[in-house]
Amino acid sequence: SAQKPTHPGFQTNEYADAQLQEIVKKLRERANVYKEKLNDPVISSPEASPPASPKKAPPPPKEEKKDEKKDEKKDEKKEEKKEEAEAKPEEDHYCDMLCCKFKKPPLKKYMESMKLPDTIDSYTDRRYVAWLMLVTIAYNWNCWFIPMRYVFPYQTPSNTIYWFVIDVMCDICYLCDLIIFQPRVRFVKGGDIITDRAETAKFYHSTLKFRLDVLSVFPFDILYFFFGFNPALRANRMLKHNTFFEFNDRLEAIMEKAYIYRVIRTTGYLLFILHINACLYYWASDYEGIGSTRWVYDGEGNMYLRCYYWAVRSLITIGGLPEPQTLFEIVFQLLNYFMGVFVFSSLIGQMRDVIGAATAGQNYFRSCVDNTVSYMNTYSIPKLVQNRVRTWYEYTWDSQGMLDESELLEQMPTKMQLAVAIDVNFAIVNKVDLFKGCDTQMIYDMLLRLKSIVYLPGDFVCKKGEIGREMYIIKQGEVQVLGGPDGTKVLVTLRAGAVFGEISLLAAGGGNRRTANVVAHGFANLFILDKKTLNEILVHYPDSEKLLMKKAKVLLKQKGKPPPGPPVQQPRGLASLFGQKQETPKLFKAMLGGKGRDGLVKLLQLKKQQETRVKPQKKRVESTERAWANRVDENLALLQSTETQAETETKPKEEEKKPVEPPAPSAPPAPEEKPQADAKPAVMQRTTSKESLIISMTPSPRAGEGEILKVEIKEKEKK
């Protein structure tokens with residue numbers, strides 16, 4: 001290859017230089033293609049992506065080759081074993097029970113599914129909530145039965161073993177929660193969620209909850225050997241109240257109607273307080289002596305039910321109880337009354353708050369409806385409008401559970417609003433053909449700006465000729481596009497996911513009027529996006545704006561084309577020999593369209609309209625006729641003078657031969673005829689003929705255009 005020196009000490013190869021320039025040129029073309037593709041996602045690149053070239057690994061040293069070969073053989077054997085294990089069909093595991101066989105999953109899969117993670121998210125893990133429920137049941141067992149077993153003589157030597165077994169089961173639940181579950185619960189530190197097992201265990205051991213949990217499982221039961229089987233030694237089990245309240249919070253967070261559980265929980269609190277009061281009454285009766293006075297329990301009937309009945313009447317202050325007689329009974333009854341008033345009033349207030357919170361939305365809805373109805377009655381709104389307003393309120397509340405969704409979302413951060421909007425509305429908006437190919441983030445921003453509006457059956461969403469400033473996306477229901485001469489013919493029915501009004505939204509200048517009437521067929525829930533909001537969004541997404549403008553041009557072209565009419569039927573037989581029949585004149589149609597006076601009245605109306613249109617045109621034609629007549633007279637005079645001069649020059653001999661006649665007496669010249677201004681254009685036909693000039697005026701073939709002035713000049717024949 002030839003080389004040329006370009007610089008002392010520096011040489012280039014011409015062939016290599018040409019190849020490099022060719023490669024650079026191709027790379028630039030390729031970069032331009034990809035730029036166009038990024039700017040307009042609709043355009044697809046015809047160039048396929050080149051396959052990645054495999055990298056060549058450097059050759060290993062000779063000493064490591066043997067070790068690598070051994071490792072490769074081991075890896076090959078492991079892969080073969082895995083392939084063989086995958087190729088083997090899964091063995092079916094059956095459980096023989098009586099005469100039937102039940103298929104059950106393998107033990108390994110079952111253990112894997114039951115395996116606990118290293119750390120537990122207490123807010124989302126349902127298994128943790130289920131475990132808390134089990135611990136709560138054990139806690140309630142201890143809270144309800146330890147006082148009852150201590151006071152009432154229900155625990156006897158014959159049934160002690162059963163009480164002991166259940167107590168041991170509850171203690172096992174406490175221990176598992178202390179050792180296995182609570183050290184795995186994640187926590188938040190400085191805004192970060194800590195998921196390290198060691199850190200979560202360390203954090204749990206440093207909390208007050210851990211100390212109370214340890215005290216709740218402390219084995220005071222060992223003292224049974226010294227003091228006998230006394231349930232009072234298990235009173236420390238009631239210190240695990242933190243788990244009970246945590247379970248309430250987690251359960252309310254995952255329930256759809258949490259107020260139902262709140263009512264049940266508040267009722268449980270009331271029943272538990274009455275239970276404790278019944279136990280205290282039996283203890284006081286036992287202290288005073290069963291049946292010793294009229295105030296204490298007399299020992300007849302079911303002891304627990306009789307004491308519980310007394311506790312209900314005393315704590316709720318119903319009255320009608322026997323009067324206490326001893327000092328102890330009086331003090332006990334006074335304290336019971338005071339506690340009853342305080343506890344019962346607090347529980348009733350809590351119940352009122354729970355029920356009020358459960359029905360807060362319904363109360364707000366009713367107050368809005370009542371205020372609206374009172375406003376309409378004040379201003380004497382027609383009943384038809386009032387009924388439609390009530391129907392809108394009822395349907396909106398039943399379908400959404402609220403009157404305005406934006407009020408609920410405004411309390412959340414923007415990211416959460418976007419997440420909710422994506423889950424609820426993205427599937428609908430993503431189906432719209434107009435936004436396909438646009439930036440996904442632009443669609444996300446648009447979701448936050450959409451407004452939801454409910455239309456009643458028969459409501460006009462938009463009317464033909466109105467100024468269009470919004471685009472509509474059907475979320476739910478159907479709308480009908482009306483047309484025809486009377487505007488009642490259903491042209492098309494649009495359903496969920498359809499879009500209309502986009503032409504008015506995307507039209508740059510003009511063309512922003514509605515082209516058809518759109519009516520809600522039933523209850524229709526529509527998304528509305530106005531033009532101002534869309535322009536504010538597209539400022540940040542120029543590529544999507546270009547794409548939408550291209551689609552808008554295509555839509556405008558498609559909508560601008562007239563709809564194809566029905567095919568014209570060609571005449572058959574003898575009818576093909578004659579031309580098409582001309583349309584009947586309008587005057588004749590008007591005369592035949594009505595009967596009697598109606599037809600004549602229409603005819604007179606049409607004549608008056610035609611006369612009013614023709615009068616200004618007549619005046620214009622008359623003025624132009626006068627101007628043309630003056631110009632024609634001047635031109636005729638000039639032509640006559642030139643012709644006389646030419647005749648005198650060309651025919652001198654003939655004039656010499658003719659005898660000289662005496663001059664005629666001078667007579668006044670005949671006046672030239674002037675065009676009549678009052679002549680009608682349809683009748684006027686004036687021609688002036690000379691040897692070389694022809695002037696004529698004929699009526700126009702089109703109605704209402706006056707007359708046509710025609711001037712023809714012919715060359716004179718030479719002799």
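Reader: Is Arg306 buried, partly exposed or exposed, and what is its relative accessibility?

Author: Please keep in mind that this is a predicted model. Buried residues have under 20% relative accessible area and exposed ones over 50%; Arg306, at 38% relative accessibility, therefore counts as partly exposed. Its salt-bridge partner is Asp298, with the closest N and O atoms 3.8 Å apart, and Asp298 is itself partly exposed, with a relative accessible area of 38%.

Reader: How should I think about such pairs in general, and how many salt bridges does a search of the whole structure find?

Author: The general idea is that side chains of opposite charge can pair when their charged atoms come close. Here, the search of the whole structure finds 18 salt bridges. One of them joins Arg495 to Glu478, whose closest N and O atoms are 3.0 Å apart. Arg495 lies in the loop between β11 (489-494) and β12 (499-500), and Glu478 in the loop between β9 (470-476) and β10 (479-483), so this pair ties together parts that are 17 residues apart in sequence. Glu478 counts as partly exposed, at 25% relative accessibility.

Reader: Are Lys240 and Asp213 buried or exposed, and where in the chain do they lie?

Author: Both Lys240 and Asp213 are buried, and they form a salt bridge in which the closest N and O atoms are 3.2 Å apart. The pair links distant parts of the chain, since Lys240 is in the loop between α8 (224-227) and α9 (241-254), while Asp213 is in helix α7 (residues 208-216), 27 residues apart.

Reader: For the helix geometry, how far does α4 reach from its first C-alpha to its last, and where does a kink lie in it?

Author: Helix α4 (residues 126-151), with 26 residues, reaches 38 Å, close to the 38 Å expected at 1.5 Å a residue. The span should be read together with the local bend: a kink of about 30 degrees lies at Phe145, shortly before the proline Pro147. At the start of α4, a side-chain oxygen of Asp125 reaches to within 3.1 Å of the backbone nitrogen of Arg127.

Technical notes: Residues numbered from 1 in each chain as written. Predicted model: local features only at pLDDT ≥ 70, side-chain atom pairs only at ≥ 80, totals over all residues. Heavy atoms only, no water. Salt bridge = Lys/Arg side-chain N within 4 Å of Asp/Glu carboxyl O. Helix = DSSP H or I, 4+ residues; strand = E, 2+ residues; numbered from the N terminus. Buried < 20%, exposed > 50% of the residue type's maximum accessible area, 1.4 Å probe, protein only. Expected span 1.5 Å × (residues − 1). Bend = angle between axes of the 7 residues up to and from the residue. Polar contact = N/O pair within 3.5 Å; in protein donor to acceptor, adjacent residues only side chain to side chain.
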